[in-house]
Amino acid sequence: MATTGGKLRIPKVAKVKNKAPAEVQITAEQLLREAKERELELLPPPPRQKISDEEELADYKLRKRKTFEDNIRKNRTVISNWIKYAQWEDSLKEIQRARSIYERALDVDHRNVTLWLKYAEMEMKNRQVNHARNIWDRAVTILPRVNQFWYKYTYMEEMLSNVAGARQVFERWMEWQPDEQAWHSFINFELRYKEVDWARSIYERFVIVHPEVKNWIKYARFEEKHGYVALARRVFERAVEFYGEDYVEEQLFVAFSRFEEHQKEFDRVRVIYKYALDLIPKQNAQELFKYYTTFEKKYGDRRGIEDVIVGKRRFQYEEEVKANPHNYDAWFDYLRLMESDGEPNAVREIYERAVASIPLLSEKRHWRRYIYLWINYALYEELEAKDIERTRQVYQACLELIPHKKFTFAKIWLLFAQFEIRLKNLTAARKILGASIGKCPKSKLFKGYIELELQLREFDRCRKLYEKFLEYTPENCTTWMKFAELESILGDVERSRAVYELAIGQSRLDMPEVLWKSYIDFEIEQEEFDRTRNLYRRLLQRTQHVKVWISFARFELSVDAPHREERSRRIFEEGNRSLRGCEEREERLMLLEAWRDFEVEHGTEEQRQRVARLMPKRVKKRRKVQADDGSEAGWEEFYDYIFPEDAANQPNLKLLTMAKMWKQKQQGDRVGSLEGVGEEQDGAADGCAEKQADDYDDVEKNTGPPSEKEESTSGEASLKDITGGKSGHKMEDEEHGPSGGRWGGHDAAKLANCKDDDQDKDSEIESESESSSSEEEQTEDVTKADVEKHKCKTIQ
């Protein structure tokens, strides 16, 4: 880089013109192979020669020195060349020359640690003590922070038995405040020569330079090891004073307590542990608690062990409630612990601190846990502390604190009143409950006040309270029933009935069905059956629920009177007619099942078959499902019930039923031909089919809803004729329904003129009723071919 005219001129770097890869690429293997081959060209080392006289030796030394000097001249900073040169001279016992080489090397790099070490080791090896001492003095003066110089220096002096000189070197070293190991080396040096006082003085300086807890503990153990117990205790006490309350650590107290434990000073140990636990935060005293517990288990009594555990948990709870004063669960645990300790003043203090943590928000859900602090406080004062006046003050303070206009807690009012009752102060209890109803009426308060007056047998007060209660919540059916039950217990039937009448006359009730049932049960208990029937009729005017009909029928059956079965049967019939237009088909099915069970137990065979004909057929349907956004979400399957009375008014279903009957008849004829039935049997079957075709009109007349007993009887007779006298098949079969049985050859003659191709497989037919356009009804064992055949028959 040069300058021209005061300006800096930067030389131009030649640019690579061709950056393309070479045509012949050289691999790494080839490079290694060539290098190996070129080793053969290296000249072998010169042969070893023997020096026979001084002239040859001088010549050898000259050539060797020239080689070393040339190497040094080429690169003076390579210290290894200097060291090799000096060691070669040392091997020739040329000490002066080696010393001169080391001095020249130190002029080049005087901070090289290895150079000083090799120089001093050479002097020591040649027993040049003063020279070695001089070199160490120079080394530690120039590089005082290199501990290796000090260690070797002190070691040399000690090996020379120069104890005073070694101590002097250590003292010079300690002025630089080295690390802990240097101090320990000095202490161990003094202990090797039984200089305990010197070692103690070194410890005094050591704990000041390195004020860690472990160093104080080592100092105390040093005194204990040499039998100076008082001095060891004094060291621990000084350490506690040195660190103070802010920087003290549990390790110091653990070591202090274990020292006193070894000296059998158990009282001192207990005092140390308690002082430490009061001083150190609980999160930093886990080890201390463990050792304290172990100590108490070994040398303490049961009370001491409990105190340790209680103290540990107390620290934990204190930290938790300090971190979050509104953590009421932590307060509960803390109070439970303090109550087990049995210190009333301490427990009261904790309770006062706990109840002072009032919830920040005026919402009842935030007060639910808090209010139990007051309850436990009052119960503790009453049951444990036996302080009656203080208990009353706790209840009053709690009631003054609760915002009754927004919300209240009935439990506090009731507990306060029960407390006064236990003190036989009935007037105060009534005042408390009256004030609660006046400030914040609640159902629980009314119930508690009424329960109190009932126990006192003050029935007039109970009536007044019930009246107030019903003015507050007139829709509460439970209150009406309890009021009527009270009047009934007192023997005033008319008053109880009047209460029930008022109750069922309310425009809004929360559980009207329970109230009506209670009223009906009341009249049944009074054996007023006419009134009960009247109640059932009045209830049926309001609701047509199936359970009401079933209960009404069972009531008529339970009344010990003539014709009770007929009365119950008429109720079932009336309920069936009433539920015919109900959309909930399951309710109608429930009524028919109850009617069927009734006829099984009390009816005749004819009556049982009549109910069986009314049982519905269960069919599988599909309907569209809409998503929340109104879009179509596909189809879903469900089960529906088709009642014969309803099916009689739907000609499509009637047509499908007749087609299914024809299908079943054809299958029956096929089975008969396979079994080898003769021509005479076929003729008899044709005659039976013609007779059944003539009776078809009678069948259609009797498939309608049998509203009267006579119609049902005539329909049943026709059915017996059609089925060949067999009328006992199961009408409520879930698969076939009321017409699912095998009808023998019905309309076989007329249907024989249609197509003769029978299909053996069963398929489902989708049919739509007149009132439904989105549902598909799936029937079993019927095919479209059967429907077409039946239509053909009808046209002919």
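Here is a walk through the side chains of this protein, from its nonpolar cores to its charged pairs. Keep in mind that the model is predicted.

Let's begin inside. The largest nonpolar core has 97 residues, and the members touching the most others are Trp331, Leu373, Ile412 and Leu515. Which helix gives the most to this core? That's helix H19, running over residues 364-384, which supplies nine residues. Zoom in on Leu373 and look past its neighbours within four places in sequence: its contacts are Tyr328, Trp331, Phe332, Leu335, Tyr351, Ala354 and Val355. There is also a second, separate core, made of 76 residues, and among them are Ala86, Tyr102, Phe256 and Phe259.

Now for the rings. Searching the whole structure turns up 39 aromatic pairs. Take Tyr203 and Phe206, whose ring centres are 6.2 Å apart with 50 degrees between the planes, making the pair tilted. These two sit in helix H10 (residues 196-209), three residues apart, which is about one turn of the helix. Are they buried or exposed? Tyr203 has 7% relative accessibility, so it counts as buried. Phe206 is at 0%, so it counts as buried too.

Compare that with Tyr351 and Tyr377, an aromatic pair that is stacked, with 4.8 Å from centre to centre and 5 degrees between the planes. Tyr351 belongs to helix H18 (residues 344-355) and Tyr377 to helix H19, so their pairing ties together parts of the chain 26 residues apart in sequence. Tyr351 has a relative accessible area of 1%, so it is buried. Tyr377 is at 2% relative accessibility and also counts as buried.

Arg588 places its charged end over the ring of Phe643, 4.1 Å from the ring's centre. Arg623 does this with Phe638, where the distance to the centre is 4.1 Å.

That brings us to charges meeting charges. Side chains of opposite charge can pair when their charged atoms come close. In this model the count comes to 56 salt bridges. One of them joins Arg167 and Glu190, at 2.8 Å from N to O. Arg167 is in helix H8 (residues 163-174) and Glu190 in helix H9 (residues 180-192), so this pair links distant parts of the chain, 23 residues apart. Both of these residues are buried.

Arg270 and Asp267 show another arrangement. Their closest N and O atoms are 3.7 Å apart, and both residues lie in helix H14 (residues 266-279), three residues apart, about one turn of the helix. Asp267 has a relative accessible area of 60%, so it is exposed.

Finally, go back to helix H19. The closest N and O atoms here are 2.4 Å apart. Asp329, at 41% relative accessibility, counts as partly exposed, and Arg369, at 43%, counts as partly exposed as well. Some salt bridges share partners: Arg348, Glu352, Glu381, Asp387 and Arg390 are joined this way into one network.

Conventions. Residues numbered from 1 in each chain as written. Predicted model: local features only at pLDDT ≥ 70, side-chain atom pairs only at ≥ 80, totals over all residues. Heavy atoms only, no water. Core = buried A, V, L, I, M, F, W, Y, C linked by side-chain atoms within 4.5 Å. Buried < 20%, exposed > 50% of the residue type's maximum accessible area, 1.4 Å probe, protein only. Helix = DSSP H or I, 4+ residues; strand = E, 2+ residues; numbered from the N terminus. Contact = heavy atoms within 4.5 Å. Phe/Tyr/Trp six-rings, centres within 6.5 Å; stacked < 30°, edge-to-face > 60°. Lys NZ or Arg CZ within 6 Å of the ring centre and 35° of its normal. Salt bridge = Lys/Arg side-chain N within 4 Å of Asp/Glu carboxyl O.
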